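Let's take a tour of a protein chain, from its overall layout down to single side chains. Have the 3D view ready and follow along.

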Amino acid sequence: REAVVSTQSTGVLSSAGDVAVCPGEGPRYGDYKCNHDRTHRVCAKLVDNPQDCNELSWDDEGDSFWVITGQQRWNWKDRICNPPNPGDSWCICMWATARLISRVGCENVHINCAATDVDYVLNSYTDGGVDLAPAKECLRAKCRSGGQE
């Protein structure tokens, strides 16, 4: 399942254990995994499938990840659905994960636990000035206690 760990207080990065490939992640890290930089540690499903490439709705209003996180103008769904690693997900920022969970609830987030660096996230406290407590609680529930995602 997913594992995200941050050691921001020391400034040292930890590639905590191996994680699965995040299906849809771009070539920025070479191996399509969410365990390289200080923030992009959560593999989240953002589109329905690579063929249709429709943005997933995360709330009752039908808002997508990009709308909820204020990143619509940088919408990169076409990169998710096309080669070299076509899929439905992307390595998203820990701060965006926490904001999504705070807004839509843990039960409505689409997280690929196997491709998330869960340990890194659980050992982090803030990212981009955002408290990661909601993300940590949700990851514990979904990825550590037999969660299905």
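This is a predicted model: local features need pLDDT of at least 70, side-chain atom pairs count only at pLDDT 80 or more; totals for chains, interfaces and linings use all residues.

Residues are numbered from 1 along each chain as its sequence is written, and side-chain values use heavy atoms, with hydrogens and water left out.

**The layout**

The protein chain has 5 helices and 4 strands. Helices (H or I, at least four residues) and strands (E, at least two) are DSSP runs, numbered from the N terminus. Reading from that end, the order is β-α-α-β-α-α-β-β-α. Of the 149 residues, 51% are buried; buried means under 20% relative accessible area, exposed over 50%, and partly exposed in between (1.4 Å probe, protein chains only).

**The core**

In soluble globular proteins, nonpolar side chains tend to be buried together. Which residues have the most contacts inside the largest nonpolar core here? They are Leu46, Trp58, Phe65, Ile80 and Ile92, in a core of 36 residues. β1, α1, α2, β2, α3, α4 and α5 each supply at least two residues of this core, and the largest share, 7 residues, comes from α3. A nonpolar core, by the way, is a set of buried Ala, Val, Leu, Ile, Met, Phe, Trp, Tyr and Cys residues joined through side-chain atoms within 4.5 Å.

There's also a second, separate core of 5 residues, which includes Cys22, Cys34, Cys43 and Ala115.

**The rings**

Rings of Phe, Tyr and Trp (its six-membered ring) pair if their centres lie within 6.5 Å; planes under 30 degrees apart count as stacked, over 60 as edge-to-face and the rest as tilted.

Trp76 sits in the loop between α1 and α2 and Trp90 in strand β2, so their pair ties together parts that are 14 residues apart in sequence. Ring pairs link Phe65, Trp66, Trp76 and Trp90 into a cluster. Are Phe65 and Trp66 buried or exposed? Both are buried. Trp76 is buried too, at 11% relative accessible area, and Trp90 is buried at 7%.

Now look at the loop between α3 and α4, where you'll find Thr116 and Asp117. Thr116 is buried, with a relative accessible area of 0%, and Asp117 is buried at 0% as well. What does the side chain of Thr116 reach? It reaches the backbone nitrogen of Cys43, at 3.0 Å. The side chain of Asp117 meets that of Arg41 in a polar contact of 2.3 Å. (A polar contact is a pair of N or O atoms within 3.5 Å; within protein, one must be able to donate a hydrogen and the other to accept it, and residues adjacent in sequence count only if both atoms are side-chain atoms.)

A cis peptide bond joins Pro83 and Pro84, with omega about 20°. Pro84 is in the loop between α2 and β2. Cys53, in the loop between β1 and α1, has a positive phi of about 55° although it is not a glycine.
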